[in-house]
Amino acid sequence: QVQLVESGGGLVQAGGSLRLSCAASGRRFSSYAMGWFRQAPGKEREFVSAISWSGGSTHYADSVKGRFTISRDNAKRTVYLQMNSLKPEDTAVYYCAAAETTDWGTPRYWGQGTQVTVSS
């Protein structure tokens with residue numbers, strides 16, 4: 001069982017930056033691939049980024065490539081999403097997810113989400 005708690009969301013102007021954090025409970029954190037998803041009002045939840053258990057492999061949605069960076073600190077059981085050059089279309093609730101795979105796969109555990117609002 002893994003519990004995930006996101007933090008770091010907020011209101012930022014277009015062009016600004018935010019760093020999201022996801023703290024995980026459980027002893028097997030380093031065994032899970034971790035990811036970020038987001039859901040904007042009236043839209044489906046979409047994949048944003050993922051990172052392998054070791055941090056050696058990362059994946060990004062085309063819409064955030066070059067602007068967002070995912071990283072993890074297994075000692076702190078935390079995964080991060082650094083978001084730069086934010087755009088109004090990045091406004092969404094951002095969810096942290098954990099998959100029981102080494103690289104990335106179907107998430108099994110989800111956090112509650114943190115709101116990111118980007119004003120124009």
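**Close-up views of the predicted model**

**View 1. Serine 85 lies in the loop between E8 and E9.** The structure shown here and in the following views is a predicted model. Serine 85 has a positive phi of about 50° although this residue is not a glycine. Most residues other than glycine have a negative phi. With a relative accessibility of 42%, serine 85 counts as partly exposed.

**View 2. The side chain of threonine 91 contacts backbone atoms of proline 88 and valine 118.** Threonine 91 is placed in the loop between E8 and E9. A polar atom of the threonine 91 side chain lies 2.9 Å from the backbone oxygen of proline 88. The side chain of threonine 91 also reaches the backbone nitrogen of valine 118, at 2.9 Å. When neighbours within four places in sequence are left aside, the residues in contact with threonine 91 are Ala40, Gln115, Val116, Thr117 and Val118. Threonine 91 counts as buried because its relative accessibility, 18%, is under 20%.

**View 3. A disulfide joins cysteine 22 to cysteine 96.** The S to S distance is 2.1 Å, and the count for the model comes to one disulfide. The link of cysteine 22 and cysteine 96 is left-handed, with -80° about the S-S bond. This pair connects distant parts of the chain: cysteine 22 belongs to strand E3 (residues 18-24) and cysteine 96 to strand E9 (residues 92-99), 74 residues apart. Both cysteine 22 and cysteine 96 are buried.

**View 4. Phe37, Phe47, Trp104 and Trp110 form one aromatic cluster.** Five aromatic pairs are found in a search of the whole structure. In one of them, the ring centres of phenylalanine 37 and tryptophan 104 are 6.1 Å apart and the planes meet at 40°, so the pair is tilted. The two residues come from distant parts of the chain, 67 residues apart: phenylalanine 37 is in strand E4 (residues 33-39), and tryptophan 104 is in the loop between E9 and strand E10 (109-110). Phenylalanine 37 counts as buried at 12% relative accessibility, whereas tryptophan 104, at 23%, counts as partly exposed. Tryptophan 104 also forms a tilted aromatic pair with phenylalanine 47, at 6.3 Å centre to centre and with 40° between the planes. That pair likewise links distant parts of the chain, with phenylalanine 47 in strand E5 (residues 46-51) and tryptophan 104 in the loop between E9 and E10, 57 residues apart. Phenylalanine 47 has a relative accessibility of 26% and counts as partly exposed.

**View 5. Arginine 45 lies over the rings of tyrosine 95 and tryptophan 110.** Arginine 45 is positioned over the face of tyrosine 95, at 3.8 Å from the ring centre. The charged end of arginine 45 also sits over the ring of tryptophan 110, 4.6 Å from the centre of that ring.

How values were computed:
Residues numbered from 1 in each chain as written. Predicted model: local features only at pLDDT ≥ 70, side-chain atom pairs only at ≥ 80, totals over all residues. Heavy atoms only, no water. Disulfide = S-S within 2.5 Å. Helix = DSSP H or I, 4+ residues; strand = E, 2+ residues; numbered from the N terminus. Buried < 20%, exposed > 50% of the residue type's maximum accessible area, 1.4 Å probe, protein only. Polar contact = N/O pair within 3.5 Å; in protein donor to acceptor, adjacent residues only side chain to side chain. Contact = heavy atoms within 4.5 Å. Phe/Tyr/Trp six-rings, centres within 6.5 Å; stacked < 30°, edge-to-face > 60°. Lys NZ or Arg CZ within 6 Å of the ring centre and 35° of its normal.
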